[in-house]
Structures are given as structure tokens and as C-alpha cells.
Amino acid sequence: MNFFNIINKLSEVDPDVLGRLDSRRAVFSSLTKVAKGTAMASAPALLASFFSKAYAGTNAGDPKEVFNYALTLEYLEDDFYKKVIDSPQFILQSAADQAAIRQIKKHEASHVALLRTVISAIGGTPVAPVTFKAATFATLATFAAQLEVAQLLEDTGVRAYKGRAGDLLGIADVNITGVGMVNPLQAALQIHSVEARHASHIRTMRGQTAWINGDGDLDGRDNYKGLIPENTVVQSSVNLTTGLPTPYTAKDAQASFDEVLTVQEVLALVTPLLS
């Protein structure tokens, strides 16, 4: 797949394509990282679809595209927890751990149902379901290994929602039959906050802090990096370790704020897990 040929074709119909994409830190910001992944060869159709959606997403204010993006992530999480519950390791866990995973699974299914309803109500077509790659899940031989992936999925989902919230600013309320008036940004944030609770609970189940402060056993993974990594100590141009009357440590500054992931960064993390 030659992405530069794609860009050339786009520029024929949109001379400002490079400027618009660059201004939103899209495509080129992580093209090199994505190209290094083996998923480029194994899932060209999927990547082409995401590329198309990312380009469409540069037109801020298209809730159908944003919600389908979120729906894809919710499909993945919903199927992952289904696989966890169906695995032989699950029945061996404590009643509290089983109850927590079952509850999270219910939440993910509810998110899928709501997003599909909202997308249809605003004139869109919900994307087809995706599943967590069976071969990858088969390598998770212990419940502890499954929880590691759960943490990475949940923390990535939180950052992904945060990365698209700005695209829903100013979108008018929609009237959904049987539901009533729904504000797209409010709906997304209601899901986002629950995803953050999932992430916190999974981290606690694993014996980690409920927040990200750099001490976690997975905090060095790519899920916590990106153009704006989780270990940043600068917020609103203020260095929290030096620019406040009461300085904070780097760990405190990191734990106090979560950062965004771009569409392309999420794509690089999620694509190898999809089937």
C-alpha cells in the first residue's frame, strides 16, 4: 500500500489536503510508527478504511465518524471481556474478580448498544463488529496476563475518547426515539468517564495504583506514549514542577492529568489486536 500515492490522489481533488492534515497532527505524525507494524501487510483493507475515516475526521463536527470510531473500540473491548469470561482461567478466580469482569462486560455491551442507536439516529450506519484476535488471546495463558491486556485496552480507550472530544464541540442535540434529546459530546463523555473507572479498577485488581504515575509495570508501553506522552509535566504551557508556587514532583504531575491519543496512534496500537 503506497500512502504517498494516496496523498497525491487526494491532493488532486483537495489542494489543501497537506495543510489540513498537518494542522491536526494527522496521518504524517505517526505514519512511520504505523508503517513499522506487521499489521500493515496483514490488514490493508482495515488500514485503508481507518485512513479514510481519519481524513473525514479532519472535518470537525462529523459525529457519525467520531461515534463509529468509538464504536470500533467498544466492540473490541466487549469481545475481549467475553473471551475472558469464556476462558478456563476465569472460573478459577475469586468471586469478586469474576463479578468485576462480568460488570465491566455489561458496561461495554451497553456502550455498544447506545453508540449504535446514536449513530443510526443521526443518519449514520454503524460499523460492522470487530473482535479481539483469537490467536492473540490464546497466548494469554493466565488471568494475570488477561488483566494486563485489559489495563492496556482500558487506558488506551480513555485516551482515545479524550482525543476526539473536541470534534464534538458545538454539535446540536439529537432526538432519539425512545431515548429523547441527546447531546453527542455529553454522550461521549458519559462513556469516557465509565471507561476511566474501568481502567482504575483493573489497575487496582492488578495491584497497581489507580492512576498513572510512571511506577506501573506497564507504564513504559506504547499505550502511554504518543505525541503527548502520559509522563508530561506541562499543562496549559505551565511546567507543574517549576512554574507553580507549590511545585509538584514529576510523578504527581503525571498522575494528576491524562493525555490524549490521536486516531493514528490508536490505530497503531489496536490494529494488531483486531480480527
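The largest pocket is lined by 16 residues, and those nearest its centre are Leu152, Arg221, Asn223, Leu269 and Leu273. Its volume is about 300 Å³. The model is a predicted one, in which local features need pLDDT of at least 70 and side-chain atom pairs count only at pLDDT 80 or more, while totals for chains, interfaces and linings use all residues. Residues are numbered from 1 along each chain as its sequence is written, and side-chain values use heavy atoms, with hydrogens and water left out.

A pocket is an open set of points on a 1 Å grid over the protein atoms alone, with protein on both sides within 12 Å along at least five of seven lines; a cavity is a set of points where a 1.4 Å probe fits but cannot get out, and lining residues have an atom within 4 Å of a point. Grid points are joined across faces, edges and corners, and a volume is the space filled by probe spheres set on the points.

Helix H9 gives the largest share of the lining of the largest pocket, five residues. H9 and helix H12 (263-270) each supply at least two residues of this lining. Helices (H or I, at least four residues) and strands (E, at least two) are DSSP runs, numbered from the N terminus. By class, the lining of the largest pocket has nine nonpolar, four polar and three charged residues. Here Ala, Val, Leu, Ile, Met, Phe, Trp, Tyr, Cys and Pro count as nonpolar, Asp, Glu, Lys and Arg as charged, and the others, Gly among them, as polar.

Five cavities of 30 Å³ or more are found in a search of the whole structure. The second largest cavity holds about 70 Å³ of space. Residues that line the second largest cavity include Val66, Phe67, Tyr161, Arg164 and Ala188. H6 and H9 are the elements that give two or more residues to that lining, and the largest share, five residues, comes from H6. The lining of the second largest cavity divides into ten nonpolar, no polar and one charged residue.

Two packed helices are described by the angle between their axes and the distance between the axes. Axes are lines fitted to C-alpha atoms, for helices over the stretch in contact, and angles run from 0 to 180 degrees between N-to-C directions.

| Helix pair | Axes come within | Crossing angle |
|---|---|---|
| H6 (residues 63-86) and H7 | 9 Å | roughly 150 degrees |
| H7 (residues 95-121) and H9 (residues 143-164) | 14 Å | roughly 35 degrees |
| H9 and H10 (residues 184-205) | 8 Å | roughly 150 degrees |

H9 and H10 cross at roughly 150 degrees. That makes H9 roughly antiparallel to H10, a term for angles over 145 degrees. The crossing of H9 and H10 is left-handed, meaning that the near helix is turned anticlockwise from the far one by less than a right angle. The contact (heavy atoms within 4.5 Å) involves, among others, Phe143, Leu147 and Glu154 of H9 and Ala188, Ile191 and His192 of H10. It has eleven nonpolar, three polar and five charged residues.

H6 and H7 are likewise roughly antiparallel to each other, and H6 passes H7 in a left-handed crossing. Among the residues that meet are Phe67, Leu71 and Tyr75 in H6 and Ile101, Ile104 and Val112 in H7. This contact divides into 14 nonpolar, two polar and eight charged residues.

H7 passes H9 in a left-handed crossing. Asp97, Ile101, Ile104, Glu108 and Leu115 in H7 meet Phe143, Leu147, Glu154 and Tyr161 in H9. Of these, six are nonpolar, none polar and three charged.

Tryptophan 211 is in the loop between H10 and strand E3 (234-235). Not counting residues up to four places away in sequence, tryptophan 211 touches Arg203 and Ala255. Serine 200 is eleven residues from tryptophan 211 in sequence, and their C-alpha atoms are 6.6 Å apart in space.

Key: Angles under 35 degrees count as roughly parallel, over 145 as roughly antiparallel, 65 to 115 as roughly perpendicular and the rest as oblique.
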